[in-house]
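Good morning, and thank you for making time for this presentation. Please look at the sequence and the structure together as I go through a few of their local features.

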Amino acid sequence: MPSYEEWNEAIIRFHTRNVPKGSPVYLTVNDEAVRQVGRSVLGLAEWDVAYEDFIIAVRGKCTNGREEHLEVCLDGLGGINEESGLPNGIAFLAITVLAAHKMANAEGIDHTNYFRRLRQVLGFSAGGVGRPPGLDVGQEEPLWRSWGMWLDSNGWAATAERGPEGPMRYINYPIGQALLRNDDVQYLERKYLEGLREPKALRALDQSQLGGWLLRQRLDRSHLREGFEGTDLDRVSAFFDEAYKVYQSMAWEQTEESVGTGLGLAKSTKVIAGLLRQPSMRGGAFYKLFPRVPAHWQGEEMVAVGSNGEESPLDQYRPGLFRPLWSVDPIACESRTFKVNGSTDWDEIVLPARRFWILTPDPEDMHGAFATWEKYPSLLGKKFLLIVEGGKDDVLSTQMLRFKEHGKTENGVGLIDWECGPVEVGGRTEFHGCMVLSAAWESIIPVDEAIELYEALKPVMKATIALTGGLKASGQAAWIEGYPPIASIYGFEKVLKFRVVKGERVLYDGNKSVQTPFDLNYCKDPGLYRLEVLWKHSVIAGKALRVLPWDALEMNLIDEGKWIDIGTSLLSGVRVDRKTEGVKW
């Protein structure tokens with residue numbers, strides 16, 4: 001049975017491996033996550049035993065006494081382990097989040113309900129109220145601070161925060177990490193069974209397709225609506241990621257009566273893929289299969305098998321993305337699958353059936369390829385490529401022309417415009433250099449066949465912040481001290497309030513004109529800054545900015561660089577890798 005220390009290290013590894021630097025990390029620990037840690041990190045063969053082993057390990061380390069004399073003991077869990085370099089208290093924090101996941105919506109999300117659940121998972125006898133004995137008020141906060149400082153020092157953004165004064169002050173830490181509670185998961189399972197069971201093509205959606213579907217639903221849970229429709233794009237994305245995990249774990253043959261019993265759980269075996277557009281030396285372009293790294297992939301070697309039996313290793317290309325594979329037709333009425341060898345967790349790559357694709361520019365290279373770089377693309381202030389099924393006279397293309405012209409008479413601009421197109425290529429039509437120009441999408445009703453396209457293009461956010469220039473630390477999602485980026489605000493008001501916060505200090509609070517770049521001279525020193533856009537005294541957009549000291553820079557291995565396909569070889573800087581012979585120099 002793994003020890004507390006082994007579980008502690010495994011949980012940290014599970015939640016941080018393959019997370020891009022600069023990204024937020026949520027300690028989302030529910031029953032399913034514990035089982036996955038046990039299987040994929042600790043190698044426990046028995047799926048159901050992992051949960052019990054975890055509970056036993058944490059109780060053995062963090063409690064003393066028996067039955068009515070039981071009490072919490074956090075001795076030795078503070079700070080950083082000298083040997084591993086990891087914070088000592090994360091397995092205990094994980095069980096506090098596990099308790100938050102078990103809170104039922106109908107019971108009320110308050111401190112009484114939370115501590116009742118925490119007492120249960122720690123093994124205290126029923127009937128007790130409030131904090132378990134031995135866990136004094138605020139005693140767990142230093143563990144959360146150690147976790148946050150460790151994340152920050154290793155390039156990630158901490159997300160656990162203290163709540164306002166009162167009974168929720170310290171338990172806001174674990175409750176804020178439990179994005180989808182257990183009954184939220186059951187609620188979504190029922191929604192998926194009602195709306196996505198048939199036709200079968202709906203069982204192979206990618207993240208943005210499912211996100212769009214969720215936004216079109218009338219969810220009657222305020223917690224979920226706030227999560228999916230919030231102003232913090234990072235937190236919204238985390239909510240969608242958790243909802244997608246539920247979707248991927250669905251066993252579609254189950255009945256609604258089996259929801260919540262554990263009988264409907266299925267282990268996801270799919271690697272979801274998008275597209276990368278690569279210009280051809282002969283003119284035109286072709287589209288390559290662009291697989292996403294599955295959540296919590298632990299780095300095992302995998303080989304993808306093409307339709308003709310050709311094999312290609314799944315090598316990591318960017319954080320969250322594998323290297324592009326072979327060419328594919330971007331538009332198809334059915335999802336396409338490709339076999340994966342070498343893994344016990346994933347057995348196929350799936351390219352979802354889509355009537356349209358939105359490809360955004362390379363976030364690391366303004367001259368790079370258009371691709372599905374983002375799981376949930378934010379289109380405001382960004383030029384993108386749109387590919388739709390059919391020709392220029394078919395329904396999606398004609399709807400695009402309608403969106404372009406709508407509102408021009410009153411405002412002089414339509415809802416959207418583009419630089420080039422529509423261009424027919426085979427059985428599809430492309431619109432190049434698209435940009436959303438207006439927020440007035442509610443003033444037009446699309447035809448039924450174009451509702452999904454309409455929802456994908458309609459702005460969800462009222463504003464967004466773009467960062468360019470400065471001196472960026474390659475591969476670390478951060479800038480270097482003394483050389484912060486230039487910021488631009490994109491939105492539909494002419495002037496918006498802009499604020500810069502570092503810790504609890506407001507460094508700047510003033511008005512900025514939209515689409516007008518401005519310097520961030522107050523962000524030159526190392527640290528984590530919060531950039532916010534406000535409208536009518538409410539935050540409508542936020543972005544984290546991390547500035548590193550010079551001595552924190554890391555050297556990137558050439559294998560983590562960007563590769564350009566030049567026919568028989570791959571090019572990365574001065575290095576060439578011949579595909580056929582494997583010769584590198």
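I begin with Q515, which sits in the loop between β24 (505-513) and β25; helices (H or I, at least four residues) and strands (E, at least two) are DSSP runs, numbered from the N terminus. Although Q515 is not a glycine, its phi is positive, at about 60 degrees. Q515 counts as exposed, with 54% relative accessibility; the term exposed stands for over 50% relative accessible area, buried for under 20%, and partly exposed for what lies in between (1.4 Å probe, protein chains only).

Before I continue, a word on the source: this is a predicted model, in which local features need pLDDT of at least 70 and side-chain atom pairs count only at pLDDT 80 or more, while totals for chains, interfaces and linings use all residues. Residues are numbered from 1 along each chain as its sequence is written, and side-chain values use heavy atoms, with hydrogens and water left out.

A second residue with a positive phi that is not a glycine is H296, at about 70 degrees. H296 lies in the loop between β6 (285-291) and β7 (303-305). Is H296 buried or exposed? H296 is buried, with a relative accessible area of 15%.

The backbone also has cis peptide bonds to show. One joins E198 and P199, with omega about -10 degrees, and P199 belongs to the loop between α8 (182-196) and α9 (207-216). Another runs from G421 to P422, with omega near 0 degrees; P422 is placed in strand β17 (residues 420-425).

I return now to β25, as part of a sheet. An open sheet of three strands has the order β19-β22-β25, with antiparallel pairing, where two strands pair if DSSP finds at least two bridges between them. Because β19 (463-468) and β25 (518-519) each have a single partner strand, they stand at the edges, and one side of each is left without a neighbour in the sheet. Six bridges join β19 to β22 (residues 486-491), and T464 stands opposite Y490 in β22.

In the loop between α14 (451-457) and β19 we find K458. This lysine is buried, at 17% relative accessible area. The side chains of K458 and E455 are joined by a polar contact of 3.4 Å; such a contact is a pair of N or O atoms within 3.5 Å, where within protein one must be able to donate a hydrogen and the other to accept it, and residues adjacent in sequence count only if both atoms are side-chain atoms. Leaving aside neighbours within four places in sequence, K458 is in contact (heavy atoms within 4.5 Å) with W441 and E442.

A cavity, on a 1 Å grid over the protein atoms alone, is a set of points where a 1.4 Å probe fits but cannot get out, and lining residues have an atom within 4 Å of a point. Grid points are joined across faces, edges and corners, and a volume is the space filled by probe spheres set on the points. The largest cavity has a volume of about 50 Å³. Which helix gives the most to its lining? Helix α5 (residues 111-122) does, with three residues. The second largest cavity holds about 30 Å³ of space, and α10 supplies the largest share of its lining, three residues.

Definitions and conventions:
1 Å grid on protein atoms, 1.4 Å probe; cavity = no way out; pocket = protein on both sides within 12 Å on 5 of 7 lines; lining within 4 Å.
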